[in-house]
Amino acid sequence: MKKLIKCIAILFFTVQLNSQERRVETESVTLENLFTFIVDHFEEDGNPQNISFLLKTHQGDFSDEDKFVLKQTFKLLSKRLSEDDYISIATYNNYSGIALKKTSPKELKKILYTVEYPKESIKAFAKDGIELVYQYANEIYEEDYDNKVIMIRLPERKTSINSIQNSVTANITPSKQKGNGAAVVLSALALLPEIIQVIKN
């Protein structure tokens with residue numbers, strides 16, 4: 001009878017341990033508020049951190065402004081966190097995957113490379129980046145750390161000048177009359193700076 005009670009107690013204790021979910025906090029912030037968010041939430045002598053950043057992606061690479069803000073933010077974070085803390089970077093929306101696996105914030109070159117080339121840093125793409133980052137956060141969970149997923153919403157970028165030039169050039173149909181085709185192309189190219197100026201405004 002004692003053995004049976006012991007077995008039941010051990011089984012109950014094991015089930016309770018397994019049923020306790022690991023706690024992963026979630027924060028969501030826009031890119032324009034990211035720098036101040038880091039200043040407000042992470043201190044040099046704070047709790048140990050295990051942070052998975054989830055970056056929203058659009059078609060194409062991050063814009064130069066996006067990269068600048070992200071790089072400055074990670075440089076600041078690298079100063080505020082210790083080598084015992086961890087950073088991961090994942091992406092969602094246009095393409096999803098883990099771009100940077102659990103890394104010390106002191107490995108700044110690795111982090112900045114990931115910001116510069118996020119798509120190239122992903123070894124295996126996934127359908128749902130949000131679901132993926134939570135699975136990953138549970139896999140790399142650290143006891144006695146603040147385990148977080150920080151979702152960064154990057155703005156939709158305007159159409160680039162190159163794509164405008166390509167679309168204008170593609171829409172010009174050469175004339176069957178000799179000499180007119182070149183004139184149409186020259187007229188379109190002369191108007192291009194004005195078109196770009198209107199789009200910017």
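Predicted model: local features only at pLDDT ≥ 70, side-chain atom pairs only at ≥ 80, totals over all residues.

Which residues are exposed on the other side of helix 2? They are Glu32 and Asp40.

Let us turn to the buried residues of helix 2, namely Leu31, Leu34, Phe37 and Ile38. These four lie on the same side of the helix, because the arc they cover around the axis is only 100 degrees. Their cover includes strand 1 (residues 25–30), strand 2, helix 3 and strand 6.

Next, helix 3, which runs from residue 64 to residue 80. The buried residues here are Asp66, Lys67, Leu70, Thr73, Phe74, Leu76, Leu77, Ser78 and Arg80. Among the elements that cover them are helix 2, strand 2, strand 3, helix 4 and strand 6.

I come now to the cores. The largest nonpolar core comprises 26 residues, and Phe53, Leu70, Phe74, Ile89 and Ile152 have the most contacts inside it. At least two residues of this core come from each of helix 2, strand 2, helix 3, strand 3, strand 4, helix 4 and strand 6.

Finally, consider isoleucine 89. Beyond its neighbours within four places in sequence, isoleucine 89 contacts Phe53, Leu55, Phe74, Ile98, Ala99, Leu100, Ile111 and Thr114.

Thank you for your attention.

Note on methods: Residues numbered from 1 in each chain as written. Heavy atoms only, no water. Expected span 1.5 Å × (residues − 1). Buried < 20%, exposed > 50% of the residue type's maximum accessible area, 1.4 Å probe, protein only. Contact = heavy atoms within 4.5 Å. Arc of directions from axis to C-beta. Core = buried A, V, L, I, M, F, W, Y, C linked by side-chain atoms within 4.5 Å.
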